[in-house]
Amino acid sequence: MRLTIDSMTYGPDGFARTEDGKAVFVAGGVVGDTVEADIVSTGASFDRAVAREVVEPSRDRVQTPCPFVGICGGCPWGVLSESAQRSAKEENLRSTLKRIGHFTEEEIARIVQPIRHAKDAWGYRNKIELAPVHDGGRFRLGMHGTDPDQIIRVDACPLFDKKYPKAVKSVVGALSYLGNSRDLGIERVGIRASRRTKALEVALWTPTGPFPRAQVARVLTDAVKPTSVVRVMSKGDRRARCVAGVEALSGEGSWTELIAGETMRLSAPSFFQVNTAAAEILIELVLEALKPSEDEVGIDLYCGAGTFTLPLARRMDFVYAVEAYGPAIRDLRRNLESANLTNVDAIGGDAVREFPDDDADVLVVDPPRAGLDEGAISLIASTSARDVAYVSCDPATLARDLRRFADEGTFKVVSATPVDLFPQTFHCETVAHLTRA
């Protein structure tokens, strides 16, 4: 059938309606396109379709530097203009606050601020991951396709830091050479690069057990000239692997990035935002919301390796930082020591179980995609904190949690600012500011 794409979903697809008003999610269509589409599945309330031909292209459809848009899963919005991507992300936030958060149109107009973004829409990622596959008896590496079971062979990724254009091809070539002579047991490969510190790390995720450390280190060093090569050993069921240890094969054994004037050293398993320049906008918005002062106490929940902890500690009397993931809390302690910051209590453990007993003036929370546990919301509400900064990577759980805070009656939402950390994708971070009601 012929369809006109009305908007972009929080996902890779465009959204359209049939002549009788039924919703259709259209893969391969962008807002403004008129397409001939094939229905691939039907449901009671919506259908799914694939665009077979673009009859009238959208004025927001652009040429892309990536030949794998729509095939690889890394840049599903890569043919959509930057301005249209940002408009869609703003609208997705507004829509979610209305549908899930049950905020009124008037409240949403007051709360949602214009989207913020860094300069680079391509070449911004400081990290990419490659997946292994055996194809015709040959070992190779690639990126997950839109079909997650499909691995796309690539020699470069236009999203990866543009200062390292040959890194992907060099790593793929070196490991393919090694992997075709013996089984390395590689489960995934991470490449991290910093244009600011010139650090380049290759991390090999493998099961525990024997491994040709010296040979792998030598071949990768010759091919890529990395500052660090590490092996991350994992164990357990494939669906719930846990890190059993990290060993340095060559170089520094960790990766270093400079962000908002702070030097952060991270082990390969630790999370760090993939867009450093845009992550600095998150820090700026958090500090603007909280306005921390030198005589105050702060709490940083789900603090990771210290992206927000360090700038808060520079400005406050004391900070409690809570993180459940072992590698990250160890990195935080090392970063605090390197920064000569002694006014932070780095607490390893669950945010609810290890919630600090002392009161606080401000809080920042940066939870995983699942959002805040109801217990965490109750604990935050029980403090006398004047302001909370909520950093979210999922608009649905953010909207749910903002409604919970509003229903608690302790905090009201001042603003929610989307930040485009992930150009060419539908993902978007948001910094919400809540103040004592």
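Author: What follows turns to Leu372 and then sets this residue against the protein as a whole. The model is a predicted one, and within it Leu372 lies in the loop that runs between strand S20 (362–365) and helix H8 (374–382).

The surroundings of the residue can be described through its contacts: once the neighbours within four places in sequence are left aside, Leu372 touches Tyr302, Val365, Pro367, Ile377, Ile380, Tyr390, Arg400, Asp401, Arg404 and Phe405. A further relation concerns Ala351, which is 21 residues away from Leu372 along the chain, with 9.4 Å between the two C-alpha atoms.

Among contacts with a separation of 6 or more, 62% join residues 24 or more positions apart. The C-alpha trace spans about 60 × 60 × 40 Å along its principal axes, and the radius of gyration of 23 Å agrees with a compact globule, since a chain of 437 residues folded in that way would have a value near 22 Å. The accessible surface comes to about 19300 Å², with 49% of this area belonging to carbon and sulfur atoms, while the mean positions of the 53 positive and 61 negative charges are 7 Å apart.

Notes: Residues numbered from 1 in each chain as written. Predicted model: local features only at pLDDT ≥ 70, side-chain atom pairs only at ≥ 80, totals over all residues. Heavy atoms only, no water. Rg over C-alpha atoms; globule rule 2.2 N^0.38 Å. Contact = heavy atoms within 4.5 Å. Areas by Shrake-Rupley, 256 points an atom, 1.4 Å probe, with all protein chains shown as cover. Lys, Arg positive; Asp, Glu negative; His and termini not counted. Charge placed at Lys NZ, Arg CZ, Asp CG, Glu CD. Helix = DSSP H or I, 4+ residues; strand = E, 2+ residues; numbered from the N terminus.
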